[in-house]
Amino acid sequence: MSASVRERHATPLRGAAPRPRGTVTLLALSLSYAALTAAYVVANRATPRPETPGGDILRLYVRDHGTAIDLGAFLLLVSAVLLVPVAATLSRLVRGQGRGAAAATALAGGLLAGGGLASSAALTWTLGRLPEEAPADLARALADLSFLAGGLGYAVSFALLAAGTCLAARGSGLLPRACVTTGLAIAAAGLAATLTFLVLDFAYLLPVVRFGGLAWLVWAACALVRPRPTAPGVRA
């Protein structure tokens, strides 16, 4: 009788795959990255648009929002650093089943995305230190470079991170099918954002990738933390 009870208690354990190491760390890092991104948006909500003249940037942005610029650059730099272990952990968790190239693409995308954010932070900080009598063209150039690095560059790089992750995890049961489909859609939006070089109206894709990709990243981290059932027919 006691053996039967032990067997009933052991059966659910045989039907669940062990949680991969590092999933809790990935979730904690992803949530921290999300919090830093939200804080950056709040602190730096006065960021000039790409069509803002350089003179207006100096008068209405640099002069009136100096402290917010410095805080935003700091938050952006910290989030850039944090994105590196996020990408490394995610890449390691989805690597397997002969899909190492896809996992490597995810890692490369995360490193490039982090580099884009770090470059944008440095350029934004430099812009915030310009004196009001600085050339307007210099202010506009720094703002454009910051936009390209942290906006367009980040979107394209994050597309590689999302696509590599989803391709590596597809069919393995690591991520829900809906999560994989959403990640691939975000990757497609990130690649399509390159059209911003030709038509500025495509810049609306940048916040789609930034915030949609952030939500997808947290979703993927949560999905990896949850215990997974073993494939049907597999015996312990």
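My entries start with the ground rules, then go from the whole chain to the pair.

**Ground rules.** I am working with a predicted model, where local features need pLDDT of at least 70, side-chain atom pairs count only at pLDDT 80 or more, and totals for chains, interfaces and linings use all residues. Residues are numbered from 1 along each chain as its sequence is written, and side-chain values use heavy atoms, with hydrogens and water left out.

**Whole chain.** I found eight helices and two strands in the protein chain, taking helices (H or I, at least four residues) and strands (E, at least two) as DSSP runs numbered from the N terminus. Their order from the N terminus is α-β-α-α-α-α-α-α-α-β. I noted that 44% of the 236 residues are buried (under 20% relative accessible area, 1.4 Å probe, protein chains only).

**Helix 2 and helix 8.** How do the axes of helix 2 and helix 8 cross? I see helix 2 (residues 23-43) and helix 8 (residues 205-225) with axes that come within 8 Å and cross at roughly 160°; the axes are lines fitted to C-alpha atoms over the stretch in contact, with angles from 0 to 180 degrees between N-to-C directions. That makes the two helices roughly antiparallel (angles over 145 degrees).

**Who touches whom.** The contact residues divide into 16 nonpolar, three polar and one charged (nonpolar: Ala, Val, Leu, Ile, Met, Phe, Trp, Tyr, Cys and Pro; charged: Asp, Glu, Lys and Arg; polar: the others, Gly among them).

Conventions. Angles under 35 degrees count as roughly parallel, over 145 as roughly antiparallel, 65 to 115 as roughly perpendicular and the rest as oblique. Buried means under 20% relative accessible area, exposed over 50%, partly exposed in between (1.4 Å probe, protein chains only).
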